[in-house]
Amino acid sequence: MKCPACGADNDKVLETRSTNSGSAMRRRRECLECGYRFTSYERVEDKPITVIKKNGNLQIFDSDKIQRSLRICTDKRNISQETLDQLISNVEEQVKIIAGPRHEITSSQIGEEILRQLSSIDAVAYVRFASVYRSFNNVEQFIAEIEKFQN
Ligand SMILES: [Zn+2]
């Protein structure tokens, strides 16, 4: 597997574990060229999940989108790659559970799940995500969200 740090395709697997639901394998890898450690996921291809957006449009669930938005909202928050990987994997697991046998989920269910997971990790990242996702219209809404953390 290609090393995200140096691009070399020369690594060894340190550890292999299956995720909670057993639908994916998680592998810790070490690049033999530069020593960088990273995690890969290999999953069984299954029926794609349909996301129902607020305006009624349908979209295929895309985990990359979640990864991108989580990277943005955790930027410079000193959250380890390990924690971020775990967060992404937890969100994906929950999306699958919520989507259930119908393979359908609404975009707000996904948003709320991300918020739920973020709330236990980092308050700033939570508020960043919430401010985009819930599109706060004013400062009061924003403050109300921050105050939830002081309880
Ligand atoms: Zn490397």
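The centres of domain 1 and domain 2, taken over C-alpha atoms, are separated by 24 Å. Domain 1 covers residues 1-45 and domain 2 covers residues 47-150 of the protein chain, with bounds that come from an automatic or database domain assignment. The model is predicted: local features need pLDDT of at least 70, side-chain atom pairs count only at pLDDT 80 or more, and totals for chains, interfaces and linings use all residues. Residues are numbered from 1 along each chain as its sequence is written.

**Contact between the domains**

- Six residues from domain 1 and four residues from domain 2 make up the contact, where two residues are in contact if their C-beta atoms, placed from the backbone, lie within 7 Å.
- On the side of domain 1 that touches domain 2, one residue is nonpolar, five are polar and none is charged (Ala, Val, Leu, Ile, Met, Phe, Trp, Tyr, Cys and Pro count as nonpolar, Asp, Glu, Lys and Arg as charged, and the others, Gly among them, as polar).

**The sheet**

- Three strands form an open sheet in the order 1-2-3, with antiparallel pairing; two strands pair if DSSP finds at least two bridges between them.
- Strands (E, at least two residues) and helices (H or I, at least four residues) are DSSP runs, numbered from the N terminus.
- Strand 1 (11-18) and strand 3 (37-43) are the edge strands, each pairing on one side only.
- From one strand to the next, the twist averages 25°.
- Strands of a sheet pair through backbone hydrogen bonds, either parallel or antiparallel.
- Strand 1 is joined to strand 2 (residues 24-31) by seven bridges, and Glu-15 has Arg-28 in strand 2 as its bridge partner.
- Seven bridges also join strand 2 to strand 3, and Arg-27 stands opposite Ser-40 in strand 3.
- Strand 2 and strand 3 form a hairpin with five residues between them, and Gly-35 in the turn has a positive phi of about 85°.

**The helix pair**

- The axes of helix 3 (residues 107-119) and helix 4 (residues 123-133) come within 9 Å and cross at roughly 165°; axes are lines fitted to C-alpha atoms, for helices over the stretch in contact, and angles run from 0 to 180 degrees between N-to-C directions.
- Helix 3 and helix 4 are therefore roughly antiparallel to each other, a term for angles over 145 degrees.
- Gly-111, Ile-114, Leu-115, Leu-118 and Ser-119 in helix 3 meet Ala-125, Tyr-126, Phe-129, Ala-130 and Tyr-133 in helix 4.
- The residues of this helix contact comprise eight nonpolar, two polar and no charged.

Conventions: Parallel < 35°, antiparallel > 145°, perpendicular 65-115°, else oblique.
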